[in-house]
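Please look over the sequence and the structure shown here before reading on. The report that follows is meant to be read with both in view.

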Amino acid sequence: MSTLVQWFYVWRTVPRFMSSIWVLLILTLVLGWVMVLSVGIGAVNIPPSAVLAIFAHLLGFSTETGHQPVQEAILLTIRLPRVVLAVLVGAALAVSGAAMQGLFRNPLADPGLIGVSSGAALATAIAMVVLSQITLPVITYLGPALVPMAAFAGGTMATVLVYTLATRNGQTQVTTMLLAGIAVNALAGAIIGFMIFLADDDQLRDLTFWTLGSLGGAMWSSIWIVLPFLLAAILILPALSRGLNTILLGEAEARHLGVRVELLKKTIIVFVGLAVGAAVSVSGMIGFVGLVVPHILRLWIGPDHRFLMPGSAVLGGLLLLVSDLLARTLAAPAELPIGVITAAAGAPFFLWLLLRNRDQEGYL
Amino acid sequence: MLEARDITVQIGDKTLVDRVNLKLEPGSFCAVLGKNGAGKSTLLKTLTGDIHPISGQVCMEGTLLSHIKPLTLARKRAVMMQNTQLPFAFTAFEVVLMGRTPHTRGFETHDDRRIAMSCMAETGVDHLASRSYPTLSGGEKQRVQLARILAQLHDAIENADPCYLLLDEPLSSLDMSHQHTLMHHIRRLTQRNVAVLMILHDLNLAAQYADEVTILKDGRLYALGTPDEVFRPELIGDAFDCPVHILRHPEFDCPLVISTALHGKTMPSTGNRVAAAVR
């Protein structure tokens with residue numbers, strides 16, 4: 001009898017497990033469908049059927065060429081890179097956010113917290129305002145790649161700095177790292193302020209738009225450069241899910257469960273630093289995705305990182321893809337900054353989830 | 001055998017544990033007692049390898065603790081720390097299932113779920129399985145954590161392989177009935193080759209269930225022996241700075257400690273001294 005009762009209790013815990021799998025599946029299907037849809041939407045409309053026909057033709061599944069060559073050119077050189085970049089950046093930012101929230105055991109942690117974003121922003125400001133005025137062979141050679149390179153370097157350097165400040169004898173103090181991140185953010189803010197003071201009107205406008213983010217510059221050439229960094233985070237961070245689960249109990253508890261905590265922390269910080277640095281370098285500052293996507297999913301499927309991490313990747317990609325679609329269509333032919341869309345759409349939704357959850361359980 | 005050889009722990013210039021030797025044999029139940037700040041938790045954290053002693057060694061079965069692979073260690077040694085908090089809404093069952101981490105890769109199997117649930121039944125929390133952990137009461141959380149620890153050592157206990165259970169005040173938030181049920185349960189585990197080291201504040205629980213009692217005072221090993229040897233009025237009174245009477249338990253023939261300190265009075269001297277210092 002008592003085993004039967006126990007089975008009932010076990011069974012009650014199963015639905016969350018199953019529904020998590022369903023949520024992942026459905027999100028992935030929706031992402032695929034929205035990708036097909038959004039490569040077709042723009043100044044030249046390509047219906048989904050034509051999009052699928054072009055892909056089938058390219059992959060050698062059909063010999064029929066019912067579409068116009070101009071459609072194919074637009075699709076492959078303009079739309080597709082932008083859609084791919086949106087999905088990759090969104091996925092990397094959201095996975096990084098989920099990993100940071102787990103590592104810091106704090107649902108409000110965000111990749112920006114450890115200084116990656118502000119380091120990148122600082123380097124960008126310096127590149128735009130100061131470096132672009134200097135005529136050195138290196139700088140003229142880099143040309144338009146100057147700002148992304150600076151952003152990436154600044155982001156990773158800030159991460160390394162914060163990490164070094166928080167590590168002693170091979171042990172990383174997570175709270176010290178948080179506080180060091182705040183200090184680095186403040187210092188970067190001060191120097192950016194000084195750069196704004198130095199900047200002329202055009203530079204100021206460039207800088208402001210950069211901090212709001214844009215995927216407008218997406219090209220295959222830039223995607224190939226950031227792809228390894230973004231993919232590494234998207235693929236490797238979810239593999240650390242089980243360790244992250246145990247770290248939520250506490251670092252000592254995770255160690256007692258056989259997890260190599262120091263190695264885990266280092267791996268997460270390195271991959272988050274690289275991915276966020278790379279994302280910021282191609283798309284500017286896109287806030288909110290890293291913070292809110294894991295949060296939304298956690299309220300939906302629970303905190304188990306083995307579902308949360310891949311789910312965040314898919315939902316993050318989806319959210320940024322839809323935001324970018326809105327950014328380039330709402331005010332067409334002009335483009336809205338994507339950061340405006342992500343914040344304006346996500347924040348009220350987030351608040352609604354918080355309120356709903358407050359009334360139901362009282363915990364995040 | 002888990003063995004501390006002459007360990008000293010210092011943080012800053014304060015010595016928290018001072019040249020302590022301790023042996024813990026599989027099959028024995030050792031209670032660690034002492035005043036607040038006597039070094040009990042520090043000693044336990046040194047035995048688990050979370051704090052490194054400035055001198056001395058901790059060995060498990062003849063091997064230095066730091067030379068054992070984390071995963072190997074996790075399969076034969078479980079630790080329960082004081083009040084484990086969880087910032088996210090895992091269910092109680094998911095928390096217990098984490099105890100299976102050293103035994104499975106990726107996702108838990110059906111067996112893991114069965115083991116987790118039977119461990120929850122042992123600590124009396126199976127009915128809380130689908131409750132969110134942060135919403136549980138302090139005592140319920142402790143019982144869930146204890147179930148997680150038992151799930152972690154389940155395989156070793158089943159096979160009666162030697163394994164080690166280190167617990168830091170695992171029963172502090174439990175009611176009397178649950179305290180005794182769980183002490184009885186843990187006591188029974190020692191028959192299956194489990195070594196138990198438990199920090200306790202309730203002297204009578206220690207007297208009733210432990211084979212061996214270790215008393216710490218100011219970081220030093222103050223007394224070590226069976227409850228009958230250690231529970232003497234002058235010894236306990238001195239270790240805890242609190243006068244006691246020691247009687248015999250009317251039913252279990254073990255020592256029974258009764259405090260005789262300060263009934264209905266305020267603490268003497270300290271208050272006056274503070275007042276004098278202010279003046």
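## Chain A in outline

The model discussed here is predicted, and every value given for it is computed from that model. Chain A contains 15 helices and two strands, and 52% of its 364 residues count as buried. When contacts in chain A between residues at least 6 apart in sequence are considered, 76% of them join residues at least 24 apart.

Apart from its neighbours within four places in sequence, Gln71(A) is in contact with Asn45(A), Ile46(A), Ala50(A) and Ile54(A).

## Nonpolar cores

The largest nonpolar core is made up of 106 residues, and Val89(A), Leu237(A) and Ile268(A) are those with the most contacts inside it. Helix 3 of chain A, spanning residues 69–103, provides the largest share of this core, with 18 residues. For Leu237(A), if neighbours within four places in sequence are left aside, the contacts are Val95(A), Ser96(A), Ala99(A), Ala232(A), Ile268(A), Phe271(A), Val272(A) and Met309(A).

## A six-stranded sheet in chain B

In chain B, six strands form an open sheet in the order 6-7-8-3-9-10, and their pairing is mixed. Strand 6 (77–80) and strand 10 (220–225) of chain B stand at the edges with a single partner strand each, so one side of each has no neighbour in the sheet. On average, and with direction ignored, neighbouring strands of this sheet are turned by 15° against each other. Within the sheet, strand 3 (residues 29–34) and strand 8 (residues 194–199) of chain B run parallel and are joined by four bridges. Ala31(B) has Met198(B), in strand 8 of chain B, as its bridge partner.

Helix 5 of chain B, residues 138–158, packs on the sheet and touches strand 6, strand 7 (163–168) and strand 8 of chain B, with its direction at about 175° to that of strand 6 of chain B. Helix 6 of chain B, residues 176–189, lies across strand 3, strand 7 and strand 8 of chain B, and runs at about 145° to strand 8 of chain B.

## Salt bridges in chain A

Side chains of opposite charge can pair when their charged atoms come close. Over all chains, the structure holds 23 salt bridges. In one of these, the side chains of Asp324(A) and Arg328(A) meet with an N to O distance of 4.0 Å. These two residues are four apart in helix 14 (residues 305–329) of chain A, and therefore about one helical turn separates Asp324(A) from Arg328(A).

Asp324(A) is buried, with a relative accessible area of 3%, and Arg328(A) is likewise buried, with a value of 14%. Asp324(A) and Arg328(A) also belong to a network of salt bridges that links them with Arg82(A) and Glu335(A).

## Salt bridges in chain B

Asp241(B) and Lys35(B) meet through their side chains in a salt bridge of 2.6 Å, N to O. This pair links distant parts of the chain, 206 residues apart: Asp241(B) lies in the loop between helix 9 (233–240) and strand 11 (244–248) of chain B, while Lys35(B) lies in the loop between strand 3 and helix 1 (40–48) of chain B. Asp241(B) counts as partly exposed at 48% relative accessibility, and Lys35(B) is partly exposed with a relative accessible area of 32%.

A further salt bridge joins Asp111(B) to Arg114(B), with the closest N and O atoms 3.5 Å apart. Asp111(B) and Arg114(B) are three residues apart in helix 4 (residues 110–122) of chain B, so they are separated by about one helical turn. Both partners are partly exposed, Asp111(B) with a relative accessible area of 43% and Arg114(B) with one of 42%.

How values were computed
Residues numbered from 1 in each chain as written. Chains lettered and ligands numbered in written order. Predicted model: local features only at pLDDT ≥ 70, side-chain atom pairs only at ≥ 80, totals over all residues. Heavy atoms only, no water. Pairing = 2+ DSSP bridges. Axes fitted to C-alpha atoms, helices over the stretch in contact; angles between N-to-C directions. Contact = heavy atoms within 4.5 Å. Core = buried A, V, L, I, M, F, W, Y, C linked by side-chain atoms within 4.5 Å. Buried < 20%, exposed > 50% of the residue type's maximum accessible area, 1.4 Å probe, protein only.
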